[in-house]
Amino acid sequence: QVQLVESGGGSAQAGGSLRLSCVASGLTFNNYNLAWFRQAPGKEREQVAIIERAGDGGGTYYADSVKGRFTISRDNFKDTLYLQMNSLKPEDTAMYYCAARPYPLRGLPAAAADFLYWGQGTQVTVSS
């Protein structure tokens, strides 16, 4: 049974930082392309950042809105995905989800429907 469990969300002031983690189990972690998505109330789920598996190049991709502020990384020994979020803005407030896809990416930005496994989400709230 595949499980993705996020943690690290919470409240922060604008300009602050948070680090999200996503621990995976039940899958061969290094065979998956991994992503962070977010969804704010009344909005569609949007891709925040992606990190490819090594076999697909290991590249990282970011939404324009977070480029230069967020960093995605993975630890294939700990089966853990991370999202370091710096210089947070109120518009970063959303539920953040990690997601996994066992196939090459089909395009950028990635669509939520392209990802097979999802975590339950962790809430990030940024106040001004």
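Strand 7 (70-75) and strand 8 (80-85) pair in the antiparallel sense over 6 bridges. Here strands are DSSP runs (E) of at least two residues, numbered from the N terminus, and two strands pair if DSSP finds at least two bridges between them. In general, strands of a sheet pair through backbone hydrogen bonds, either parallel or antiparallel. Within this pair, Ile-72 stands opposite Leu-83 in strand 8.

The structure is a predicted model, in which local features need pLDDT of at least 70 and side-chain atom pairs count only at pLDDT 80 or more, while totals for chains, interfaces and linings use all residues. Residues are numbered from 1 along each chain as its sequence is written, and side-chain values use heavy atoms, with hydrogens and water left out.

The two strands belong to an open sheet of 4 strands in the order 1-3-8-7, with antiparallel pairing. Strand 1 (3-7) and strand 7 are its edge strands, each pairing on one side only. On average, neighbouring strands of this sheet are turned by 15 degrees against each other, direction ignored; such angles are taken between axes, which are lines fitted to C-alpha atoms.

Turning to the nonpolar cores, the largest holds 29 residues. A nonpolar core is a set of buried Ala, Val, Leu, Ile, Met, Phe, Trp, Tyr and Cys residues joined through side-chain atoms within 4.5 Å; buried means under 20% relative accessible area, exposed over 50%, and partly exposed in between, with a 1.4 Å probe and protein chains only. Among the residues that touch the most other members are Trp-36, Phe-70, Leu-83 and Tyr-96. Strands 7 and 8 are among the elements that give two or more residues to this core, as are strand 3 (18-25) and strand 9 (94-101). Contact means heavy atoms within 4.5 Å, and leaving aside residues up to four places away in sequence, Tyr-96 touches residues including Leu-20, Trp-36, Phe-70, Leu-83 and Val-124.

Asp-79, in the loop between strand 7 and strand 8, has a phi near 55 degrees, a positive value in a residue other than glycine. Asp-79 is partly exposed, with a relative accessible area of 24%. Ser-87, in the loop between strand 8 and strand 9, also is not a glycine and has a positive phi of about 50 degrees; Ser-87 is partly exposed at 41%. Finally, the peptide bond from Leu-108 to Pro-109 is cis, with omega near -5 degrees, and Pro-109 lies in the loop between strand 9 and strand 10 (117-118).

Note on methods: Axes fitted to C-alpha atoms, helices over the stretch in contact; angles between N-to-C directions.
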